Amino acid sequence: MEHAGKVILLSVMILSGQALGSNDEQRELPCTDAQDCVVPLGIPSGPVEARDHALLTKALRVSKVLHATDPVEVEPSRTDVSKTKSANISPSRISGMLSGMPGNSKVVAAMMSTMAAVTPEVNQTVWAMVKMLAGFQDDVEAQHKMTQADLDEKVASLQNATSVVVEKFIASRAADKEWGECARDLEEDEAQLKQCMEQKDRLQRVEDHACRKQQSAALYSYSDFHMDEMPEFSCDFRTTSPNDPCALRLQAWQDEATQLLGKIFNRMQTNMTAEYSAFRELNTSCSDATADLDRQVELCDGLKGRAEQTSSDCSFLKERRDIQICIFGFSLQDKCKRQRSYKSRANEVMSESNSMWSDIERRREWQNLHVVMCMLQHHVQNNDLDDEAMKTCKAGVPDFDMQLGPIDLRSDEVRNLTAGESFSCEETSIAFYNSSVNVALEPGSAAFEFCHVDDAGKDGSDDDSEVGFPTCSATFQCPSNGDNSTYSVLVGQRCFLRAGCSAGDCCRKAPGGPKESCADHLAAGSETSGMYS
């Protein structure tokens, strides 16, 4: 059985293509069981590359089986000593056979010392090993299928993530468009309000001037009296009656003064009528100016209210736009993480790496496995182990692609999923409806500067089970134009903005509430689905 162990381990080392080191190198086999780690006599020992671990582990499994107490099932025809051709495995023939196999002269020397003596026990062991190696072919096939399944799963994951990204991008562009239209409406409202206020200020000045003139003309006074027009009164007491002195002269002066006062009254009355007419015009001007000003104030108040409402709507829409863009950013980062995962696996598959996923290593293992099985079968069948046998065995290796099928990297699909509107993950800015915004796609960074930083998966892993988003609390105050009862808080809802939770994250219109405003449309638009629902 010691001979059997040598044949097994040497064959697997040939399978792996590993050149063995010299005897003076200190090498260890990767094992956990001391009984399985016995290195048979004549086999150089030393460190084993990571890519050979699987094959060496298989060798140890075979050794363990062959060291068991149960007898090994051997085909009777292979145990007839008379049919064994010792010459077929002479050192010279084995040296020629191994010249075409991976390895060096130390492998040849070890193989010669191993197979120099042939016994029925050796034939039994070799036949059992052929059967065991045939079982290893199933392992290669299983790894091949697992590799394809893993790639398919990663492509499917990338497809799903890309669909989410496209959906979220469309939603974010729509939100950006709506906010942009609102911003333009607000700009127009504010421009109209500014013009209105300027006109109001002008009318205020007109009204002040007109009403000051009206007030000035409201009090009438007349002082245009000319006393020098009054006749002088004189009387000669010598000629007057004692009972009525100067009666005649006084009567004459009274008559003359009455005529003069009548003239003054008429003149004053004419002046007062003219002044009153002017007052009425000023009063009308003041009233008209006041009415014009009142109408302008009412117009400006309406425009101000409209601008304030538009501003409030735009604030909600800005929150909604930012939230939608952040959700898109998170989904894009997730898609890029899955894209990196696929590319990493594809690189492992297509490179000569120390990885179980390497298609190159698997094909080499497939080749060497079948060549060694074939050569061992030649030995068991007492055929010559010569160059012709090696050539025959190499030519007889089953076509890997015909047997297992080539690995399909799904390159065309992946190319479509990583270009154009599907996003390549090489973007530095994203063009939305109104403008372009810088984007960061590295794990652990905020996709956009106003977004919350998602710490999950910042190490590049696929695990997003712990997503560090803040959430809406029961104490969040929803804006509702003075009627808080018409809105409800979505307790536990994720908040997507760096600034913290907003009405766009947390507020929804309560069922049956009498009001409906922009907050309701915002709430409807900020519903999340897919990976962030």
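**Entry 1: what I have**

I'm working with a predicted model here. I keep that in mind for every value below.

**Entry 2: salt bridges**

I ran the salt bridge count, and the total came to 19. I then picked out a few to look at by hand.

I began with Lys318 and Asp322, whose closest N and O atoms are 2.7 Å apart in a salt bridge. Both sit in helix 6, which covers residues 247-350, and because they are 4 residues apart, about one helical turn separates them. How accessible is Asp322, buried or exposed? Asp322 counts as buried, since its relative accessibility is 7% and the cut-off for buried is under 20%. Lys318 comes out as partly exposed, at 28%.

A network of salt bridges links Asp176, Lys318, Arg321 and Asp322.

Further along helix 6 I found Arg345 and Glu348, 3 residues apart, so again about one helical turn lies between them. Their salt bridge has its closest N and O atoms at 2.5 Å. I noted Arg345 as buried because its relative accessible area is 15%. Glu348 is partly exposed at 23% relative accessibility.

Next I went to helix 7, residues 359-380, where Glu361 and Arg364 lie 3 residues apart, about one turn of the helix. Their side chains meet in a salt bridge, 3.0 Å from N to O. On accessibility, Glu361 is buried at 11%, while Arg364 is partly exposed at 28%.

**Entry 3: negative charge on the surface**

I looked for surface charge and got a negative patch made by Glu181, Asp185, Glu187, Glu188 and Glu190. Where does Glu188 lie? I found Glu188 in helix 5, which runs over residues 120-218. Its relative accessibility is 45%, so I filed Glu188 under partly exposed.

**Entry 4: aromatic pairs**

I searched the whole structure for ring pairs, and 12 aromatic pairs turned up. The rings of Phe233 and Trp253 have centres 6.1 Å apart and planes at 85°, so I logged this pair as edge-to-face. The pair links distant parts of the chain, with Phe233 in the loop between helix 5 and helix 6 and Trp253 in helix 6, 20 residues apart. I have Phe233 as partly exposed, with a relative accessible area of 37%. Trp253 is partly exposed too, with 24%.

I then moved on to Phe328 and Phe423, an aromatic pair that is tilted, with 5.4 Å from centre to centre and 55° between the planes. Phe328 belongs to helix 6 and Phe423 to the loop between helix 10 (411-417) and strand 1 (429-431), so the pair ties together parts 95 residues apart in sequence.

**Entry 5: backbone angles**

I checked phi next. Most residues other than glycine have a negative phi, so I wanted the ones that go the other way.

Which way does phi of Phe423 go, positive or negative? I read a positive value, near 75°, and Phe423 is not a glycine. Cys425 has a positive phi too, about 70°, and Cys425 isn't a glycine either. I placed Cys425 in the loop between helix 10 and strand 1, and Phe423 has its place in that loop too.

**Entry 6: a contact between helices' residues**

With 6% relative accessibility, Ala289 counts as buried. What is the C-alpha separation of Ala289 and Ala210? I got 7.1 Å, for two residues that are 79 apart along the chain.

Definitions and conventions. Residues numbered from 1 in each chain as written. Predicted model: local features only at pLDDT ≥ 70, side-chain atom pairs only at ≥ 80, totals over all residues. Heavy atoms only, no water. Patch = residues over 30% accessible without salt bridge, like charges linked within 9 Å, V, L, I, M, F, W, Y side chains within 5 Å. Areas by Shrake-Rupley, 256 points an atom, 1.4 Å probe, with all protein chains shown as cover. Salt bridge = Lys/Arg side-chain N within 4 Å of Asp/Glu carboxyl O. Lys, Arg positive; Asp, Glu negative; His and termini not counted. Charge placed at Lys NZ, Arg CZ, Asp CG, Glu CD. Helix = DSSP H or I, 4+ residues; strand = E, 2+ residues; numbered from the N terminus. Buried < 20%, exposed > 50% of the residue type's maximum accessible area, 1.4 Å probe, protein only. Phe/Tyr/Trp six-rings, centres within 6.5 Å; stacked < 30°, edge-to-face > 60°.
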